[in-house]
Amino acid sequence: MGLRRRICLEWSPEGNYLAYIRFDEKQVPEFTMTHFRDKTYPDYETFKYPKVGEKNAIVSVHIYDVKNEKTVQVPIPEGDFYLPRIKWTQDDKTLCITHLNRHQNKLQLLLANAKTGKYEVLLTEENKYYIDIHDNLTFLPDGKTFLWTSEKDGYNHLYLYDLTGKLVRQITKGDWEITAFYGFNKKNNMLYYQSTQQAGPLERQVFSIDINGANLKKIATETGTSEAQFSPNFSYYMLNWSKAGTPNRYTLHEQDGKLVRVLEDNADLIKLMAEYKFNPVEFQAIPGADNTKLNTWTIKPSGFNRNNKYPVLMFVYGGPGNQTVKNEWGISNYFWFQLLSQKGYMIVSVDNRGTGARGEQFKKMTYLELGKYETEDQIAAATYLSNQLFVDSSRIGIFGWSYGGYMSSLCLL
């Protein structure tokens, strides 16, 4: 197989340049996967796949000048690294490249000249664990500053930098996480984001704050989980709200919060679930292996009686930065769990150490030891449950998919 390219493309603001990432896989060995489908013979798929110790793709950044029909390559030294993002600044001739080392604990933002390809380092961030990649890099219309989110103070927050890489200010701070950044409104200098600052890691609300870190406003604060989608000029936003046991409600609002209309309230589904007598989702915190309080939800059996003993099915994902325990609609396998609860089973899910929205230390403590602390916490949770008078300690099972399957297997073994 000859040269194969995967291309990432970004047009400059005025459309004079096209930046792209090129993947040269000539030296990468090939791997053949066998597909057993509904045929007499299997199908075979062959593709480039670098196993440990083998050659990786050679990755490079190029900028094409539309008027002159010439291409320059950004002279990033060859080596083992990632280029997870490219993004143009407000200047039509300046491209920003995200450069991450192979160990994923040192990130640099590089500013490249579209004419020459030469670059300089704008920002360097290092972490003793690893750095999560995001899409929150925002170059502001003044052409002098940019927004960046980082966990460098232990929680994910918003920062303002100038184009020399100097920190202007930390905009948000506290023992809580920004979980989504929606953007910057240049008309009023307001930033919009989703966070855990109101009710902790179980919930999400939507807020706005000005570029100076003042004038904090709660946009969506109803108990549960809210997420927003703003129009390009921030004149309107669509709000998606739900809570455990209550399906999504979609509403359209003007910038000041005034309700324009209800787009969907899922009233028919809510009525149907009531007819089927769905059981509530209950939240609590239970001790983990080191007595850290772990967030948990429980669906108890129909007609629950504390004097009876019930079998328990634990549902786990447990992977880095993820959560199964949130006050929102959309619990995986929710309808199946409701069926099991009506047949006399108790369903429990526990967010072990390593999961998200509780700060960097809680999330990244599993670094280099994936599966250890998570498994210990799930076993501690099962032990806690087995000591409850209403639990049949001889009938506790665990179930998960993907990382949850890995976790389930570790717990059983």
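Student: Hi! Does H4 pass H5 in a left-handed or a right-handed crossing?

Tutor: H4 passes H5 in a right-handed crossing, where right-handed means that the near helix is turned clockwise from the far one by less than a right angle, and left-handed means anticlockwise. Helices (H or I, at least four residues) and strands (E, at least two) are DSSP runs, numbered from the N terminus. Keep in mind that this is a predicted model, where local features need pLDDT of at least 70, side-chain atom pairs count only at pLDDT 80 or more, and totals for chains, interfaces and linings use all residues. Residues are numbered from 1 along each chain as its sequence is written, and side-chain values use heavy atoms, leaving out hydrogens and water.

Student: OK, at what angle do the axes of H4 and H5 cross?

Tutor: At roughly 65°, with the axes of H4 (residues 372-386) and H5 (residues 403-412) coming within 10 Å. Axes are lines fitted to C-alpha atoms, for helices over the stretch in contact, and angles run from 0 to 180 degrees between N-to-C directions. The two helices are therefore roughly perpendicular to each other, a label for 65 to 115 degrees; under 35 is roughly parallel, over 145 roughly antiparallel and the rest oblique.

Student: Which residues make that contact?

Tutor: H4 brings Glu374, Thr375, Gln378 and Ile379, while H5 brings Tyr403, Met407, Leu410 and Cys411. Contact here means heavy atoms within 4.5 Å.

Student: New topic: what is the strand order in the sheet that holds S20?

Tutor: That open sheet of four strands runs S19-S20-S21-S22, with antiparallel pairing. Two strands pair if DSSP finds at least two bridges between them. Its edge strands, S19 (225-230) and S22 (259-264), each pair on one side only.

Student: And how many bridges link S20 and S21?

Tutor: Seven, between residues 236-243 of S20 and residues 246-254 of S21. Tyr236 stands opposite Glu254 in S21.

Student: What about the sheet with S1 in it, what's the order there?

Tutor: It is S1-S2-S5-S6, an open antiparallel sheet of four strands. Within this sheet, S2 (residues 17-24) and S5 (residues 58-65) pair over eight bridges, and Arg22 has Ser60 in S5 as its bridge partner.

Student: Last one: what pLDDT does the chain average?

Tutor: The average is 96, and 98% of the residues score at least 70; pLDDT is the predictor's confidence in each residue, from 0 to 100. Over residues 1-5 the pLDDT is below 50, although this stretch has 14 contacts in the model beyond near neighbours in sequence. Where pLDDT is low, the predicted coordinates should not be read in detail.
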